[in-house]
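Please read them with the structure open.

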Amino acid sequence: TMQYVVKKLSESPRIDAVWDKAPWKQVHPLSIQNFMGPRPEHFPGTEVKLGYHANKIFVIFRVEDRYVRAATREQQGDVCNDSCAEFFFTPDTDVSRGYFNIEINCGGTMLFHFQTVPRKSARDISPEDCAQVQVAHSMPKIVDPEITEPATWTIEYSVPVPMLHRYTEVRDPAPGVVWRANFF
């Protein structure tokens with residue numbers, strides 16, 4: 001089991017998809033190295049940083065990619081068919097209580113679900129709650145046709161922790177609190 005220590009940030013970062021700004025400079029990135037099934041032919045170099053501050057969790061992804069595309073225009077759409085980064089998390093250690101799934105394509109379009117049974121019980125996070133997630137992206141909203149040359153893109157977002165309480169029990173971020181998470 002891998003572990004990643006999520007730091008309490010000294011301040012809330014401005015959500016603008018800039019990877020190297022303060023307070024992110026003090027946060028160690030996690031490099032996504034694992035994959036499901038056989039190793040894909042196209043495996044973009046992907047790093048992610050997480051932090052928390054003032055009742056929010058903050059996430060930033062940097063992806064060194066090729067074949068970049070963002071065609072999904074509607075929130076809760078199939079962004080998994082685009083160039084996207086995914087964050088799955090249980091705000092505790094007991095996965096049987098369910099987990100959140102946030103997928104955001106390189107153009108900033110988001111899918112946000114809560115589910116108790118993988119791929120069977122997905123419940124959309126309400127539009128009002130999704131509107132509370134502040135998202136920034138470095139690519140245009142729509143990238144179609146795809147970019148076939150090497151390109152680096154970032155997405156950054158903040159999620160208000162009190163909003164998560166509407167969907168399940170949540171252990172608020174604090175030193176010593178453990179959540180389970182997965183990135184894709």
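**Notes on pockets, rings and one buried valine**

1. Strands β2 (30-31), β3 (45-53), β6 (84-90), β7, β8 and β13 each supply at least two residues to the lining of the largest pocket. The model is a predicted one. Among these strands, β6 gives the most to that lining, with five residues.

2. The volume of this largest pocket is about 1,600 Å³. Its lining runs to 45 residues, and the closest to the centre are Phe88, Arg180, Ala181, Asn182 and Phe183. By class, the lining divides into 29 nonpolar, 11 polar and five charged residues.

3. The second largest pocket holds about 500 Å³ of space. Of its 23 lining residues, His42, Phe43, Pro44, Cys84 and Phe184 are the closest to the centre. Both β4 (56-65) and β6 supply at least two residues each. The largest share again comes from β6, here with three residues. The lining of this second pocket has 13 nonpolar, five polar and five charged residues.

4. What about enclosed space? A probe the size of a water molecule, rolled over the atoms, shows where empty space is left. The count comes to one cavity of 30 Å³ or more. The volume of the largest cavity is about 30 Å³. Its lining consists of Thr90, Pro91, Asp92, Asp94, Arg97, Gly98, Thr168 and Glu169. That makes one nonpolar, three polar and four charged residues.

5. Now the rings. How many aromatic pairs does a search of the whole structure find? It finds nine. One of them joins phenylalanine 100 and phenylalanine 112, with 6.0 Å centre to centre and 55° between the planes, so the pair counts as tilted. Phenylalanine 100 lies in strand β7 (residues 99-105) and phenylalanine 112 in strand β8 (residues 110-115), so this pair ties together parts 12 residues apart in sequence. Phenylalanine 100 is buried at a relative accessible area of 0%. Phenylalanine 112 is buried too, with a value of 0%.

6. Phenylalanine 100 also pairs with tyrosine 167, at 6.2 Å centre to centre. The planes are 85° apart, which is over 60 degrees and therefore edge-to-face. Tyrosine 167 sits in the loop between α2 (161-164) and β13 (180-183), while phenylalanine 100 is in β7, so the pair ties together parts 67 residues apart in sequence. Both residues are buried.

7. These three rings belong to one aromatic cluster, made up of Phe61, Phe87, Phe89, Phe100, Phe112, Phe114, Tyr167, Trp179 and Phe183. Phe183 is also among the residues closest to the centre of the largest pocket.

8. The charged end of lysine 49 sits over the ring of tryptophan 19, at 4.5 Å from the ring centre.

9. Finally, valine 161. This residue lies in helix α2. Is valine 161 buried or exposed? Its relative accessibility is 2%, so valine 161 counts as buried, the cut-off being under 20%. Valine 161 and lysine 56 are 105 residues apart in sequence, yet their C-alpha atoms are 5.3 Å apart in space. Leaving out residues up to four places away in sequence, valine 161 touches Asn55, Lys56, Ile57, Val170, Asp172 and Pro173.

Key
Residues numbered from 1 in each chain as written. Predicted model: local features only at pLDDT ≥ 70, side-chain atom pairs only at ≥ 80, totals over all residues. Heavy atoms only, no water. Phe/Tyr/Trp six-rings, centres within 6.5 Å; stacked < 30°, edge-to-face > 60°. Helix = DSSP H or I, 4+ residues; strand = E, 2+ residues; numbered from the N terminus. Buried < 20%, exposed > 50% of the residue type's maximum accessible area, 1.4 Å probe, protein only. Lys NZ or Arg CZ within 6 Å of the ring centre and 35° of its normal. Contact = heavy atoms within 4.5 Å. 1 Å grid on protein atoms, 1.4 Å probe; cavity = no way out; pocket = protein on both sides within 12 Å on 5 of 7 lines; lining within 4 Å. Points joined across faces, edges and corners; volume = space filled by probe spheres on them. Nonpolar A, V, L, I, M, F, W, Y, C, P; charged D, E, K, R; others polar.
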